[in-house]
Amino acid sequence: MTLAVRYLAARTLDTAPAETSPPGPGEVELAPAYVGICGTDLHIFHGDMDARVAAPAVLGHEMSGRILRVGPGLEGWSPGDAVTVMPLRWDGTCPACRAGHQHICQHLDFIGIDSPGAMQQRWTVPASTLIRLPGSLPLDRAALVEPTAVAVHDVGRAKVRDGEKVVVVGGGPVGILIALVTQAAGADVRVVELSAHRRLLAEELGLTAWDPSADDVPELVRQWTGDAGADVAFEVSGAAGGVDTAVEVLGVRGRLCLVAIHPRPREVNLHRFFWRELTLVGARLYDRSDFEKAVALVADGTVPAERLISKVVPLTQAPAAFEALEGGGDVMKILVDCSDARGATDEAQGAAV
């Protein structure tokens, strides 16, 4: 038996024993090291996804860890290998898959939502979901590869080009990651964020951040762009006001990339879309190339993952960490330490003999 963090009902989590089984053909058993708590996990915690999540459910999909055991006949992977997981399983037969868009399969199994996730001491997954990590990359930083892959995919969907002016509305973890990836692509970027703590972190990371409660953001954009407006805006706030800002700052033929999950319909200034010939682009999840680029960005320090980690808590304190994240502004990323330290390491080494 090993421990797992489980969602039981709205605002109710526990840590309880979880059964593990040996990996079958095409599978590996992992020892998760660190698992990040993300906005989707908070949606689950609040009960907003009860129609999709079958309780008791093991949460977590932003992870890093090591292989403990490999299934029969599996080649290319060995106990002790450092990995992260692209938590997607698709059917390969639906219209989306047949069109080459497997990551948004119409019957997608998002591991950690639709099936058991990583917030446990042992986790069996298909080997096809593994992404190899460089041995030099600390596993706590590697836990931010998944949200970095989200940012890479978002920037790709928006087709950000060198020299463009970009506004990121929402300076939480994904917003900051989008800004960093955008900057690495050669764009000039501004972050719009209410939280003073998050604005300060953005500035410390070399970004320019504006306070929408005190600054006239559209006027600042007008001055910054010579009255042209931004080329791209990312809506990452999930708020109605964020949508308004993202639309208003765009110039002629600007692109709005919708990243945040909006749980209810929003009013949108469609006249602005008509008048300026704007484009709205949705961005969801990622593919393997996004993950591989994210590994490189975290490993070479382009994304300083360690600066985004606010706190690391042991597995047994994960329920309290969810409550701490509800305050939002003064916290960026909380990691759950799932390792049982020496036990997991010794088992991996023993399996390799």
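Student: Is the crossing of α4 and α10 left-handed or right-handed?

Tutor: This is a predicted model, in which local features need pLDDT of at least 70, side-chain atom pairs count only at pLDDT 80 or more, and totals for chains, interfaces and linings use all residues. Helices (H or I, at least four residues) and strands (E, at least two) are DSSP runs, numbered from the N terminus. A crossing is left-handed if the near helix is turned anticlockwise from the far one by less than a right angle, and right-handed if clockwise. By this rule, the crossing of α4 and α10 is right-handed.

Student: At what angle do α4 and α10 pack?

Tutor: Residues are numbered from 1 along each chain as its sequence is written, and side-chain values use heavy atoms, with hydrogens and water left out. Axes are lines fitted to C-alpha atoms, for helices over the stretch in contact, and angles run from 0 to 180 degrees between N-to-C directions. Helix α4 covers residues 145-157 and helix α10 residues 288-299. Their axes lie 8 Å apart, and the packing angle is about 115 degrees.

Student: How many nonpolar residues are in the contact of α4 with α10?

Tutor: Contact means heavy atoms within 4.5 Å. V145, E146, T148, A149, V152 and H153 in α4 meet D290, F291, K293, A294, V295, L297 and V298 in α10. Ala, Val, Leu, Ile, Met, Phe, Trp, Tyr, Cys and Pro count as nonpolar, Asp, Glu, Lys and Arg as charged, and the others, Gly among them, as polar. The contact therefore has 3 charged and 2 polar residues, while the nonpolar ones number 8.

Student: With which residue does E219 meet in a salt bridge?

Tutor: A salt bridge is a side-chain nitrogen of Lys or Arg within 4 Å of a carboxyl oxygen of Asp or Glu. The distance from N to O is 2.8 Å, and the partner is R222.

Student: Is E164, which meets R161 in a salt bridge, buried or exposed?

Tutor: Buried means under 20% relative accessible area, exposed over 50%, and partly exposed in between (1.4 Å probe, protein chains only). R161 has 48% and is therefore partly exposed. E164 has 7%, so E164 counts as buried.

Student: Which residue is linked with R161 and E164 in a network of salt bridges?

Tutor: R161 and E164 meet at 3.1 Å, N to O. The network includes a further residue, R255.

Student: What is the phi of D227?

Tutor: Most residues other than glycine have a negative phi. D227, in the loop between α7 and β14, has a positive value. At 52% relative accessibility, D227 counts as exposed. Its phi is near 70 degrees.
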